[in-house]
Amino acid sequence: RGALLLMVTLGIYRFWLATDVRRFLWSNTEVAGETLEYTGTPFELLIGFLMAVAILVPVYAGFFLAALGLGTIGQLSGVIAFAALAVLGQYAVYRARRYRLTRTIYRGLRFHQSGSAWAYALRAVLWWLATALTFGLAYPFQLASLERYKMRNTYYGDLAGHFAGSGLRLLLRGLPMWLLVIAPLALTVGAFVTVVDWKALGDALSAGGDDVMSRIEGGNPALAGVIVFAMLMAGTAVTLAALLYPAFQALVLRWWTSGLSFGELSMTSTLHTRHVYGAYVRFLWYGLLFCIVLAVLGTVALVAVGLAAGSGQTGTAGEIAATGLLLIGYVIVALGFSTIYRATVLLSLWQLGMESLQLSGLSALDRVKASGTPSSALGEGLADALNVGGY
């Protein structure tokens with residue numbers, strides 16, 4: 001229903017859809033005999049988005065005008081814009097989390113979040129830079145550091161949160177998967193370093209002219225084989241990454257939930273990796289059925305357009321109709337796969353994550369006092385506008 005309304009409203013319904021999905025997930029999640037409650041409204045999300053647009057339009061205009069100018073600032077405007085939007089995106093992520101927490105009620109008490117969103121954004125950007133420079137090896141430490149910052153500023157009433165997950169432990173558990181993905185790429189780099197005649201390559205490039213490629217191939221007779229090998233290894237790395245991603249996702253989710261606590265209330269997770277793979281298998285199966293249905297309907301539509309074109313009754317109007325048909329088909333495909341992914345993978349991950357939790361120290365919930373106030377939806381709007389939002 002939400003996907004259909006997104007299509008006919010040109011995407012405006014997403015604020016209502018996000019609210020409906022959250023209410024569904026929250027109200028169907030039971031903890032110690034009590035369900036969660038989501039009190040956010042779609043109008044809050046809409047107003048937050050409009051506020052975010054009002055902030056971002058001048059920012060984008062400033063970057064555009066800077067790019068038109070001459071000098072060092074104009075040349076570096078692209079890099080400056082990327083860095084600024086990266087910081088702003090992480091700021092939005094933290095503010096959006098604050099909004100969702102303050103709209104989450106349990107046993108009549110509100111969750112809330114303190115801390116500086118700008119401090120979190122700077123920390124997150126620096127960690128992402130370290131992760132990129134280490135080819136992903138710093139990612140477990142990034143997760144641990146950011147989760148510690150978020151949880152020590154997270155409260156259920158007056159009960160403070162805490163995160164005890166170890167980045168080193170996550171690294172050691174995920175290292176075999178990282179090696180499997182990186183090994184084909186490392187072999188490719190090694191092949192280029194040992195086989196290619198770098199001096200001949202440099203001479204060919206410095207000479208210029210129209211026959212650069214022929215000179216490169218002449219000075220490096222094994223280059224073609226290395227390129228083919230590199231393509232095979234890149235394909236192998238991508239395939240391994242896709243196959244191992246559900247296992248890595250299960251590992252991170254199990255590690256993350258087992259590190260959460262609120263005072264004496266602690267959590268452990270018994271999530272099984274095979275269940276996560278099952279969610280992705282269901283997505284692939286329903287996606288295949290969806291493709292078969294689309295293929296049948298698309299064939300019928302193309303035959304109808306072909307018959308109309310053969311009868312000579314179509315001209316410019318027929319071309320417009322065909323273009324519109326392709327556009328509608330693209331929207332249906334995008335929304336269809338998005339719906340299938342949400343109904344299989346995302347819902348399953350939420351359900352599996354919650355059902356695998358084991359709680360201890362529940363008596364701490366009986367001593368919690370009310371605290372915190374609702375937060376602005378500006379963070380949600382920024383996250384939506386910058387495409388870094390989530391449920």
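The structure is a predicted model, in which local features need pLDDT of at least 70 and side-chain atom pairs count only at pLDDT 80 or more, while totals for chains, interfaces and linings use all residues. Residues are numbered from 1 along each chain as its sequence is written, and side-chain values use heavy atoms, with hydrogens and water left out.

**Salt bridges**

- The structure holds eight salt bridges, each defined as a side-chain nitrogen of Lys or Arg within 4 Å of a carboxyl oxygen of Asp or Glu.
- One of them joins the side chains of E380 and R100 at 3.1 Å, N to O. This pair links distant parts of the chain, with E380 in helix α14 (residues 378-385) and R100 in helix α5 (residues 77-102), 280 residues apart. Helices (H or I, at least four residues) and strands (E, at least two) are DSSP runs, numbered from the N terminus.
- E380 is buried at 8% relative accessible area, and R100 is buried at 18%. Buried means under 20%, exposed over 50%, and partly exposed in between (1.4 Å probe, protein chains only).
- R22, R100 and E380 are linked in a network of salt bridges.
- D366 and R107 meet in a salt bridge of 3.2 Å, N to O. D366 lies in the loop between β9 (357-360) and α14, and R107 in the loop between β3 (104-106) and β4, 259 residues apart. D366 is exposed at 58%, whereas R107 is partly exposed at 36%.

**Nonpolar cores**

- The largest nonpolar core has 33 residues, and those with the most contacts inside it are Y106, F111, Y156, L170, W255 and F262. Helix α11 (residues 223-258) gives the most to this core, with five residues.
- A second, separate core of 17 residues includes Y94, A96, Y149 and L386. A nonpolar core is a set of buried Ala, Val, Leu, Ile, Met, Phe, Trp, Tyr and Cys residues joined through side-chain atoms within 4.5 Å.

**Buried polar residues**

- Q113, in strand β4 (residues 109-113), is buried at 7% relative accessibility. A polar contact of 2.4 Å joins its side chain to that of R97; such a contact is a pair of N or O atoms within 3.5 Å, where within protein one must be able to donate a hydrogen and the other to accept it, and residues adjacent in sequence count only if both atoms are side-chain atoms.
- K150, in helix α7 (residues 139-152), is buried at 13%. The side chain of K150 makes a polar contact of 2.9 Å with that of E147.
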